[in-house]
Amino acid sequence: MAKAAQFEADDFVGAKPNMAPSMAHLSLQEELRASSLGLNKRSMVLDEDRFEEQFLRCPVCRDRFNNDKLPRMLPCHHSFCNSCIEHMYKTATEHRNNFHSSIRLPISAPVSAVNVSCPTCRANFIATDDNIKRLPTDHRVVQLMDFVNHTERYTVTFCSKHSLQPLNFFCEPCIKPVCRDCTVLDHKEAEGHLVMDLEDALAKYTPVLDSAIAEMDGEAVSLEEKRIALEAVTGELDKIRISLLEEVKTCMARLRQLLDEREKALEAKVHEEAGKEQAKLVEKAGLLETRRHKLLEQSDRLKRAKGDNNVEEMFRIHQEVREYRAEPPMRIREVDDGLLTSFSLNARDEAMLSSRINNFGDVTSKVETTFSRLRTGKSTPLRSTSLR
């Protein structure tokens with residue numbers, strides 16, 4: 001009653017509003033009473049969107065109440081944001097100035113007074129600019145806003161098959177979370193399903209998931225190290241190519257007149273063979289990068305699912321990872337075995353080649369350890385092959 005004392009009783013025109021608790025207040029009581037059924041006395045479950053829509057939004061503009069749009073209470077105990085109330089007052093003032101109102105104001109009403117109608121209950125009251133500004137804040141709504149802002153929230157995942165049934169259990173053979181109805185209808189223990197509490201399943205499988213994440217991250221790091229090593233080997237092939245070309249040019253300089261044609265053939269052979277080998281290495285590097293990206297993607301998805309407590313997604317991804325990692329591991333000869341296909345120029349019997357210039361020289365390839373070359377820049381040949 002104190003909140004309505006700013007307006008005199010005679011200021012109301014037509015039927016006086018019912019000063020009993022508003023429908024919003026009664027609806028709140030019903031909401032809280034219904035939500036508390038079946039729960040213990042220390043917790044409540046509310047549909048936050050519905051709660052906000054019904055109690056924390058202005059009924060006119062549907063904006064959420066906040067510090068800039070405080071809920072102001074009309075004498076009829078219905079609340080609206082201050083912007084909408086000011087707009088109602090402005091509209092009523094313009095209507096009074098442009099049209100003759102059908103509702104007669106009391107003789108004692110100020111000259112600037114206008115008739116304002118509540119959008120909810122249609123109760124009329126006489127208002128001036130001064131008492132519009134002095135409308136009281138609806139502290140019930142403010143308290144509800146504070147309640148929502150400071151209440152701890154929990155995310156509940158519901159069963160996709162059974163409406164509004166939370167996923168509180170876990171079926172080990174099926175590797176999926178299930179609801180209460182699922183345990184009775186689709187995952188019966190008599191049919192071989194082993195059902196446990198979801199919290200117990202999380203406690204049991206969280207170390208497994210953490211281990212899987214650690215293994216995937218570790219393998220991704222290992223693949224990255226291999227890719228970097230393979231890039232170094234690829235760069236080594238460029239050095240070998242350059243060195244080999246220099247040898248070819250040095251040899252051909254002494255026999256330039258006779259060996260021009262052969263020099264071009266050998267250069268083409270060097271580019272061809274080194275290019276083929278480098279293309280193989282680039283292809284291997286691409287396969288490593290593809291596998292690494294796939295592992296990182298699966299790891300990130302599993303981390304996000306774990307962070308969101310999306311149990312179904314966690315175990316689905318974990319199953320995919322297990323199937324993917326069951327495939328044979330990739331072996332890279334240049335990195336795992338330390339074997340590199342290299343090339344060198346064989347300039348044998350140079351003095352005797354003038355009569356055999358058309359068949360002079362060849363490019364040979366050799367496999368050597370990558371470890372010694374990357375550390376010292378020197379190679380250790382294992383075997384060589386002549387390429388004509």
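This is a predicted model: local features need pLDDT of at least 70, side-chain atom pairs count only at pLDDT 80 or more; totals for chains, interfaces and linings use all residues.

Colleague: What percentage of the residues is buried?

Modeller: Buried means under 20% relative accessible area, exposed means over 50%, and partly exposed is in between, using a 1.4 Å probe and protein chains only. The protein has 388 residues, and the buried ones make up 38%.

Colleague: What is the kink in α7, and where does it lie?

Modeller: Helix α7 covers residues 198-254. Its 57 residues reach 82 Å from first C-alpha to last, close to the 84 Å expected at 1.5 Å a residue, where the expected span is 1.5 Å times one less than the number of residues. A bend is the angle between axes fitted to the seven residues ending at a residue and the seven starting there. In α7 there is a kink of about 40°, shortly before the proline P207, and it lies at Y205.

Colleague: Which residue has a side-chain oxygen that reaches a backbone nitrogen at the start of α7?

Modeller: The backbone nitrogen there belongs to E199.

Colleague: Is E172 buried or exposed?

Modeller: E172 sits in the loop between β6 (169-171) and β7 (176-178). Leaving aside residues up to four places away in sequence, E172 touches L194, M196, K204 and Y205, with contact meaning heavy atoms within 4.5 Å. Its relative accessibility is 14%, so E172 counts as buried.

Colleague: And I175, what does its relative accessibility make it?

Modeller: I175 is also found in the loop between β6 and β7. I175 has a positive phi of about 55° although it is not a glycine. Its relative accessibility is 28%, so I175 counts as partly exposed.

Colleague: Where is H77, and is it buried or exposed?

Modeller: Look in the loop between β2 (71-73) and β3 (79-81) for H77. H77 is not a glycine, yet it has a positive phi of about 75°. With a relative accessible area of 16%, H77 is buried.

Colleague: Why do the buried residues of α2 line one face of the helix?

Modeller: In α2 (residues 48-55), the buried residues are F51, E52 and F55. Seen down the axis, they line one face because they fall within an arc of 95°, the arc being that of the directions from the helix axis to the C-beta atoms. On the other side of α2, the exposed residues are D49 and R50. So the reason for the one-sided pattern is that arc of 95°.

Colleague: What arc do the buried residues of α5 cover?

Modeller: Helix α5 (residues 139-149) has V141, L144, M145 and V148 as its buried residues. They are on the same side of α5 because the arc they cover around the axis is only 105°.

Key:
Residues are numbered from 1 along each chain as its sequence is written. Side-chain values use heavy atoms; hydrogens and water are left out. Helices (H or I, at least four residues) and strands (E, at least two) are DSSP runs, numbered from the N terminus. A polar contact is a pair of N or O atoms within 3.5 Å; within protein, one must be able to donate a hydrogen and the other to accept it, and residues adjacent in sequence count only if both atoms are side-chain atoms.
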